[in-house]
Amino acid sequence: MTKPLRSRWQAALLPYGLIAPMLLLVGVLVLYPMTRGLLVSLYGGRDLVPKPEDFVGLANYGALLRSPELANALEVTILYTAGTVGLALLIGMVCALLFQVNFPGRGLARAILTVPWGTPLVASALIWYWMYDPQYGLVNYVLRTTGITTANVSLLLSPQWALPAVVLVDVWRIFPFGAVVLLTALTAVDRTLYDSAQVDGAGPIATFRYVTLPDIRPTLAILTLLFTIWSLKRFDTIWIMTQGGPSDATNVLAVSIYREAFRNFRIGNAAAIAMIGITISTAVTLGYFVLERRRELPTT
Amino acid sequence: MTRYSMLRWVSALAALLLCVALWPGQSLKGASPVEIELATWHWTEPERGDALRKIVAAFTKEFPNIKIKEGSIPYPRFEETMMVRLAGGSPPDVLVAADTMFFSFLTRGHLAPLNNLLNLSKYKGDFLQAQQVAENKGQTYGVVSEYVTYALLSNKRLLTEAGITAPPTTPEEFLAAAKKLTKAPDQYGYGTRHSMDQEAGWWYEMSFWVEGFGGKWAAGGKPTVNSPEVVAGVKFFKQMYDAGIFPKGVDSATYRRMFWQEKVAMLTDNQAVYVITKSQNSKIDLQATPTPFKPALTNAEIVLYTIPKGAKHPKEAATFLDWFYRHLKDYGVAVQNVVNSKSANEAILKQFPYLSTFVNSPLADNGGILPRGFETRQPEFRNAVLKHVVDVLVKNTDAKAAMDAAQAELEQKLKTK
């Protein structure tokens with residue numbers, strides 16, 4: 001016996017009705033601003049609300065693609081992201097493996113581990129800024145007292161060291177999140193697999209490679225994606241510590257966008273850089289899903 | 001009286017009362033106070049904020065029907081916040097602007113001419129030259145309240161101990177004295193900003209040294225950041241950097257603190273720093289002398305009070321501006337600063353004689369920090385120039401080559417509107 005027509009319609013429409021509020025929210029809070037941003041990127045001029053006569057089409061994109069500043073910003077963004085994501089994952093993994101082992105005070109150590117993650121971003125950037133201070137900073141004090149250097153070192157003033165210095169701050173802030181998430185994934189690994197590996201005579205490295213890593217790979221992948229997206233849009237730490245300097249050594253895309261929008265008041269140009277940033281973020285996310293999909297497909 | 005006619009009378013009376021109540025600017029209890037918003041970063045500064053609050057309290061006492069609401073935004077975010085509000089059609093009634101912001105607001109058509117709101121001609125003889133900044137195409141767009149200038153601040157005790165009998169008067173003397181005074185890392189001869197995280201503030205110091213060598217950021221409708229004079233200023237800054245006369249990598253808050261702790265001997269700074277230093281260390285033997293150049297040019301940051309287009313209460317805002325100008329002396333005394341009033345300054349200088357050094361120094365072209373003809377493009381000049389000066393300082397790039405690169409970058413940027 002078939003259901004009445006009205007009931008079938010209701011059943012068909014129900015899912016759409018349920019997701020409608022979320023779609024509306026995403027539309028208003030994400031899609032509309034993005035569309036506006038895309039439209040604004042087609043305008044020149046220096047007004048916050050572009051005038052019709054300032055329409056320049058794709059000229060902003062053309063100029064940006066020829067600009068060495070954008071090339072530098074992209075390069076710095078990639079280096080910054082790679083450094084932050086790589087180090088945060090590595091340190092997070094080491095910490096997670098350490099905290100898996102039972103030792104006295106493990107609970108307290110785990111709690112302390114989360115402190116950097118809980119510290120407000122601006123506060124941590126300012127604290128590190130002071131720690132790097134060549135005159136009164138802790139970092140210089142340690143470098144001098146251990147005999148590594150004899151003079152004060154201005155890390156944030158050095159084109160070679162400024163980027164690693166800001167990367168370190170972000171790594172310090174986000175690695176605890178990675179450690180906590182990975183620790184949860186590690187505890188979910190089937191213990192019998194470790195026993196089997198031991199019976200087969202596998203050492204710690206082989207056990208990690210062939211037992212632990214395959215099991216926590218999905219968690220690792222999603223962490224990599226999250227860290228990458230966070231790093232791609234990181235602004236506050238860098239702005240507070242270097243404002244993109246010295247010699248544009250820390251000038252990531254987010255800093256370029258802010259400078260163009262709120263220092264130079266070239267909103268169209270800023271929106272165009274933002275669109276390029278969004279394209280990169282989207283490509284990273286799509287790349288993740290493609291890889292996941294391939295992994296899930298049954299092999300023949 | 002029938003029930004019907006009574007109803008008619010009551011209805012008529014109610015209609016009359018309603019008309020009175022809704023009459024513009026009236027209420028049944030009399031005129032209600034109008035609230036105007038005064039937007040400035042000064043509210044966030046301890047001394048200036050308190051001085052302004054006292055001034056506002058005195059104004060409200062005289063004009064109880066005008067209340068003033070604090071539009072309080074810290075300086076680093078002031079321009080962008082106001083720009084968003086002005087573009088969005090919700091301006092404050094009184095908008096305070098530093099010179100760069102003023103040009104930024106003016107060229108985008110956000111400021112109202114004051115000529116129809118205020119009779120400024122009565123103050124014409126009392127205004128200082130700085131008031132000219134507010135004039136544009138025969139209209140006045142603001143009232144200059146005060147201006148901040150720079151001088152050479154030095155610690156007399158440290159200079160004497162180093163055998164320096166008088167503050168330096170030329171760049172060469174300055175460098176020699178600063179070298180003598182430097183015993184790094186415990187004591188330095190000089191303190192200055194020199195990194196991009198302090199970009200806005202560093203521009204003042206860089207402009208100061210460049211104008212000392214006769215340099216200008218722009219002239220004849222073109223950027224001139226690679227002129228021989230500008231390059232000479234940059235080279236001198238590099239000489240100071242290499243000589244290690246100032247603590248490297250420290251911000252202005254740190255070296256100013258070192259100055260009042262007597263760990264830095266000289267600063268090229270404004271009168272506010274003089275006041276702060278004295279308040280932090282009353283025993284310091286502090287002297288303010290003209291800048292070490294001939295002529296002893298100085299930068300100036302001018303502060304203007306304006307009324308934006310679309311302000312809700314322009315008349316009341318104008319009433320405040322007029323009253324504020326008449327009471328500038330009280331404000332100047334409270335903040336220990338010179339103001340845009342010859343008569344007020346006489347009294348202020350009598351009370352604070354050290355200010356005469358700041359007042360009597362000749363102003364550099366366009367206040368030193370504003371590229372002539374490109375006033376609204378100052379942030380782009382600042383970024384392009386300082387970025388390349390960093391190359392000179394830390395990468396040892398040749399000063400001329402670096403400034404040529406800055407010039408090329410600017411010429412490219414200025415092609416766009």
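Guide: We'll take a helix pair, then the chain contact.
Guide: This is a predicted model, where local features need pLDDT of at least 70, side-chain atom pairs count only at pLDDT 80 or more, and totals for chains, interfaces and linings use all residues. Residues are numbered from 1 along each chain as its sequence is written, and chains are lettered from A and ligands numbered from 1 in the order in which they are written.

Visitor: At what angle do helix 8 and helix 10 of chain A cross?
Guide: Roughly 150°, and the axes of helix 8 (residues 162-187) and helix 10 (residues 204-232) of chain A come within 10 Å. Helices here are DSSP runs (H or I, at least four residues), numbered from the N terminus. The two are therefore roughly antiparallel (angles over 145 degrees).

Visitor: Which residues of helix 8 of chain A meet helix 10 of chain A?
Guide: Among them are A:Asp170, A:Ile174 and A:Leu186. Their partners in helix 10 of chain A include A:Thr212 and A:Trp230. In contact means C-beta atoms, placed from the backbone, within 7 Å.

Visitor: New topic. How many residues does each chain give to the contact of chain A and chain B?
Guide: Chain B gives 25 residues and chain A gives 28 residues.

Visitor: Which element of chain B gives the most to the side that touches chain A?
Guide: Helix 15 of chain B, with seven residues. Helix 15 spans 378-394. Helix 3 (75-87) of chain B also gives two or more residues.

Key
Two residues are in contact if their C-beta atoms, placed from the backbone, lie within 7 Å. Axes are lines fitted to C-alpha atoms, for helices over the stretch in contact, and angles run from 0 to 180 degrees between N-to-C directions. Angles under 35 degrees count as roughly parallel, over 145 as roughly antiparallel, 65 to 115 as roughly perpendicular and the rest as oblique.
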